[in-house]
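Here are a few exercises to work through with the model open on your screen.

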Amino acid sequence: MGQITIYLDDDTERRLRSAAEGEGVPVSRWIGRLIKAEMRTEWPPSVRRLAGAWPDLPEAEELREGPGEDIPREPL
């Protein structure tokens with residue numbers, strides 16, 4: 001198991017320790033769970049439930065057919 005060192009200002013450390021204590025876990029476990037959540041490789045269930053929520057959203061195959069037509073752009 002790897003170990004890392006991080007430097008925190010006093011206020012951040014106090015808040016970190018308070019959050020970990022509030023959940024009844026060691027600081028290292030609290031930080032580890034936060035890092036795992038931020039590095040997940042799949043969409044959370046709340047996002048996956050949105051699939052199909054917009055009836056006018058094109059299907060993936062339609063989007064892959066090409067870029068479609070662009071709108072005229074303003075000259076710079």
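The expected span of a helix is 1.5 Å times one less than its number of residues. Keep in mind that this is a predicted model.

**Exercise 1.** Work out whether the length of H1 agrees or disagrees with its residue count.

*Solution.* Start with the count: H1 has 14 residues. At 1.5 Å a residue, H1 should span 20 Å. Now check the ends: the end C-alpha atoms of H1 are 20 Å apart, which agrees.

**Exercise 2.** Look at both ends of H1 and describe what sits there.

*Solution.* Take the start of H1 and find Asp9, where a side-chain oxygen comes within 3.1 Å of the backbone nitrogen of Asp11. Then go to the other end: Gly24 follows H1, and its phi is positive, near 70 degrees.

**Exercise 3.** How do H1 and H2 pack?

*Solution.* Find the two helices: H1 covers residues 10-23 and H2 covers residues 27-38. Their axes lie 9 Å apart, at an angle of about 95 degrees. Angles of 65 to 115 degrees count as roughly perpendicular, so that is what H1 is to H2. Next, pick out the contact: H1 brings Leu16, Arg17, Ala19, Ala20 and Glu23, while H2 brings Val27, Trp30, Ile31 and Arg33. Finally, sort these residues: six are nonpolar, three are charged and none is polar.

**Exercise 4.** Is the protein spread out or a compact globule?

*Solution.* First, the protein has four helices and zero strands. For 76 residues the globule rule gives 11 Å, but the radius of gyration is 22 Å, so the protein is more spread out than a compact globule. For the box, its C-alpha atoms fill roughly 55 × 40 × 25 Å along the principal axes.

Technical notes. Residues numbered from 1 in each chain as written. Predicted model: local features only at pLDDT ≥ 70, side-chain atom pairs only at ≥ 80, totals over all residues. Heavy atoms only, no water. Axes fitted to C-alpha atoms, helices over the stretch in contact; angles between N-to-C directions. Parallel < 35°, antiparallel > 145°, perpendicular 65-115°, else oblique. Contact = heavy atoms within 4.5 Å. Nonpolar A, V, L, I, M, F, W, Y, C, P; charged D, E, K, R; others polar. Polar contact = N/O pair within 3.5 Å; in protein donor to acceptor, adjacent residues only side chain to side chain. Rg over C-alpha atoms; globule rule 2.2 N^0.38 Å.
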